[in-house]
Amino acid sequence: MISKTSAGLADAVSDIRDGSTVMIGGFGRAGQPVELIDALIAQGATDLTVINNNAGNGDTGIAALIGAGRVRKVICSFPRQTDSYIFDAKYRAGEIELELVPQGNLAERIRAAGAGIGGFYTPTGVGTLVAEGKETRTIDGREYLLELPLRADVALISAFKADRWGNLVYRKTARNFGPLMAAAAATTIVQVDEVVELGDLDPETVVTPGIFVDRVVPLGERPWLAAGEFVGAEKVA
Amino acid sequence: MTGIDRDTLAARIARDIPEGAVVNLGIGAPTLIANYLPDDLEIILHTENGMLGMGPAPAPGRIDPDLINAGKQPVTELPGAAYFHHADSFGMMRGGHLDVCVLGAFQVSERGDLANWHTGAPDAIPAVGGAMDLAIGAKDVYVMTDLLTRDGTSKLVAECSYPLTGVGCVSRIYTDRAVFDVTPDGLAVSDVFGDTTLDELRELTGLTLTDQRPEAATPLATRHFSPENGAGRAEIDGSRGGNTP
């Protein structure tokens, strides 16, 4: 019997090594796998390269991982936000490296890695600072620049529901980078509200097929949901 | 010289967006435009974090942490909405499927080069987000901005001095003083606000501006700009709270 369900958060992240490249899903706080990140902080791996759209919000999740001094480098599109003070301080102190990638190129580089594409020509960034040092090519009269795939040792992502084969469905804009990162990492670890019985996910609505997923950790329903239905919340968590 | 305030400018831009358009409104001032899209027209809002059919902010107590816009603000879904992952979302831009995006700007050159992501200041933390993808992807890239910076220099320039977001990508610039179209011959003024005159605009920007106001070009106003000519266009009364049907 195949079962990708982990015994718990600590078990799921136990083999992440120092120096790993870790993709972390989420856009801002939506879809950010905060519980898996907390488990990674407790596990102790350090000297990490983190790939996410942002560089942390407030003092939880990715911000806490950076604050704990575990991150050597961030690859992202938008580090500076109103509440990115932990990253901002580390960056200004020269204690963290930043590779800035336009958001669509970031998504496509991750997708390319998962899909076995050796690189792609994109019009995004042509004639700007992000094109410096990159190969360019004119195709049908338009200039493009070469972007290379972005892989990871581990992806930590958040989804809504899984089954024990690792099939995933997401919820609303919390999907964002999850399906891309799941395919682009050697080991993909997913936190979900619930692991349902095999056959309970409609195959037509599965977004990430289980082939891309190694471990799932059920955490229980979040406070703004009841039996999978939105019941409201006072503020964004 | 007087101009118009930000909400009036947002309403003016909303008037140029036709029914059926798929539109991405950038973070900041362009977000205001959603408040002035007429309720009786179906205009689909795209947010690059993975949604088409985005609705207005939720009622208090109905904030769903899984449902946010590109500015990380809580939003709602309208009937007909769709969710998708980031690679599809940016494929919609690069693939030429998005009709209009409206972005803010530090500078726009008279050839339509856009600078809006980085001032190049030594202590600035650069953050580009989806701006470069939007700038080269949408069929029409509109800029919404004040004409002048806080210290009174023109944001419309012969050459951008800030790092570029995209080259030759802007088609129209809406400012608090006037609307400018980017043409092969430079910037053309298509509308002015308040008591602004073309001579004042030329003096402030230092640019050669051509006059393409409908009344200036053809006194009988037979010339028209199609977006403003759409049937069923609602009057802008400034009181609309959102684009929910």
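Colleague: What is the strand order in the open sheet of chain A?
Modeller: The order is β4-β3-β2-β1-β8-β11-β13, seven strands with parallel pairing. Strands are DSSP E runs of at least two residues, helices H or I runs of at least four, numbered from the N terminus. Pairing takes at least two DSSP bridges between two strands. Mind that this is a predicted model: local features need pLDDT of at least 70, side-chain atom pairs 80 or more, while totals for chains, interfaces and linings use all residues. Residues are numbered from 1 along each chain as its sequence is written.

Colleague: Which strands stand at the edges?
Modeller: β4 (97-100) and β13 (215-218) of chain A. Each has a single partner strand, so one side of each lacks a neighbour in the sheet.

Colleague: And what joins β1 to β8 in chain A?
Modeller: Three bridges, between residues 21-24 and residues 152-158, running parallel. Ile24(A) stands opposite Leu156(A) there.

Colleague: Switching topic. What does helix α2 of chain A lie across?
Modeller: α2 (residues 34-43) lies across β1, β2, β8, β11 and β13 of chain A. Its angle to β11(A) is about 120 degrees, with axes fitted to C-alpha atoms, for helices over the stretch in contact (heavy atoms within 4.5 Å), and angles from 0 to 180 degrees between N-to-C directions.

Colleague: How many helices and strands does chain A have?
Modeller: Six helices and 15 strands.

Colleague: What share of chain A is buried?
Modeller: 56% of the 237 residues, buried being under 20% relative accessible area (1.4 Å probe, protein chains only).

How values were computed
Chains lettered and ligands numbered in written order. Heavy atoms only, no water. Buried < 20%, exposed > 50% of the residue type's maximum accessible area, 1.4 Å probe, protein only.
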